[in-house]
Amino acid sequence: MIQFRKENLTVFQSSLYMTTSALIQTDEAIIMTDPTWLPVEIETIKYYVEKIKGDRELYIIYTHSDFDHIIGAGAFLEAKVIATEEFENNLYKKETLQTIQQFDQKYYVQRNYEPIYPAVDIVVTEDGQTLELGDVSLLFNKAPGHTADGLFTVVEPYGIFLSGDYLSDVEFPFIFDSYKKYVKTMEKARHILTNYHINYHVPGHGLTTDDQHEIERRLEFSHFYLEQLVTDNEIEKELQKKYSFYEGMKAIHVDNLKLAKQELKR
């Protein structure tokens, strides 16, 4: 279940959709992203946190509000929550919780905690906002496009880039919010990679990497996909070759095509 471990960073990976939960240890705090998915996985993460935490504060960064990324929130009620103002003001909180309930009902999942929609303690309202935790600084940038409430976080001085559901090696861009905003968010990602020395990239789904060329390749392919989405109907052949689970994601590509073309007609 531990996908990656190096220095201050440990990344857990769920059996479902290769979803990640990152844990970063600092002198002042434990910083987590999106505790997920299955009860045994969340219990394993919780046990690990309790083992290493000591008297440090626990912070959870929610990269966005998709139900799979908040499904473990109820197991960490003591945590201070960090998320965007769009996450806090989400009008579909009840529907998100209903989706969790439907998932658990469908697969007979029993949890030892009550799923919740996290209340936000530290609200990110603008790009460039920072949070200082002792010698560690969290730099935030809003990242709409996949969802309206996405969040990029750079953890300095460790050079950790927490990108949420962007720049994955197992998924092409999933555009549930806006094609145009997704393009702009990739420009923000470019700015981050250009202006900060990123040692580790943790996507919301897929493999964590410390390979600088691999991080760059993920960004370049996202740009390529977004460009080809509106100019080349043959992009599907490229996706079939590149992604092992393309057949399971094919419907999302079709929806991406429709959404992008509708937006660009306006």
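Start with Trp37: this residue is buried, with a relative accessible area of 2%, where buried means under 20%, exposed over 50% and partly exposed in between (1.4 Å probe, protein chains only). What you have here is a predicted model, in which local features need pLDDT of at least 70, side-chain atom pairs count only at pLDDT 80 or more, and totals for chains, interfaces and linings use all residues. Residues are numbered from 1 along each chain as its sequence is written, and side-chain values use heavy atoms, with hydrogens and water left out. Helices (H or I, at least four residues) and strands (E, at least two) are DSSP runs, numbered from the N terminus.

**Around Trp37**

- Trp37 lies in the loop between E4 and H1.
- A cis peptide bond joins Thr36 to Trp37, with omega at about -5°.
- For context, most residues other than glycine have a negative phi, and most peptide bonds are trans.

**Aromatic rings**

- Rings of Phe, Tyr and Trp (its six-membered ring) pair if their centres lie within 6.5 Å; planes under 30 degrees apart count as stacked, over 60 as edge-to-face and the rest as tilted.
- By this rule the count is 19 aromatic pairs.
- One of them is Trp37 with Phe67, an edge-to-face pair at 5.3 Å centre to centre and 85° between the planes.
- That pair links distant parts of the chain, 30 residues apart: Trp37 sits in the loop between strand E4 (29–33) and helix H1 (39–53), and Phe67 in helix H2 (residues 67–70).
- Phe67 is partly exposed, at 22% relative accessible area.
- Tyr62 and Phe87 have ring centres 5.8 Å apart and planes at 20°, so they count as stacked.
- Tyr62 is in the loop between strand E5 (57–61) and H2, while Phe87 is in helix H3 (residues 85–88), so this pair ties together parts 25 residues apart in sequence.
- Tyr62 and Phe87 are both buried.
- Elsewhere, ring pairs join Phe172, Phe174, Phe176, Phe221, Phe224, Tyr225, Tyr243 and Tyr246 into a cluster.

**Charges over rings**

- A charge sits over a ring if NZ of Lys or CZ of Arg is within 6 Å of the ring centre and within 35 degrees of the ring normal.
- Lys242 lies over the face of Phe221, at 4.6 Å from the ring centre.
- Lys46 does this with Phe76, at 5.0 Å from the ring centre.

**Strands**

- Two strands pair if DSSP finds at least two bridges between them.
- E4 and E5 are parallel, with five bridges, and Thr33 has Ile61 in E5 as its bridge partner.
- Four of the five residues of E5 are buried.
- E4, H1 and E5 make a right-handed β-α-β unit; right-handed applies if, with the strands pointing away from the viewer, the path from the first strand over the helix to the second runs clockwise.
- Strand E1 (residues 2–6) and strand E2 (residues 9–13) are antiparallel, with four bridges, and form a hairpin with two residues between them.
- Glu7, in the loop between E1 and E2, has a positive phi of about 50° although it is not a glycine, and is exposed at 69% relative accessible area.

**Nonpolar cores**

- A nonpolar core is a set of buried Ala, Val, Leu, Ile, Met, Phe, Trp, Tyr and Cys residues joined through side-chain atoms within 4.5 Å.
- The largest has 31 residues, of which Phe152, Phe161, Phe172, Met186, Tyr225 and Leu239 touch the most other members.
- Strand E10 (151–156) and helices H5 (179–195), H6 (212–229), H7 (235–242) and H8 (246–265) are the elements giving two or more residues to this core.
- Apart from it lies another core of 28 residues, among them Phe12, Ile42, Ala73 and Phe103.

**Contacts around Met186**

- Contact means heavy atoms within 4.5 Å.
- Leaving aside neighbours within four places in sequence, Met186 is in contact with residues including Phe152, Leu167 and Ser222.
- Ser222, in helix H6, is buried at 5% relative accessibility.
- Leu167 lies in the loop between E11 and H5, has a positive phi near 60° and is buried at 2% relative accessibility.
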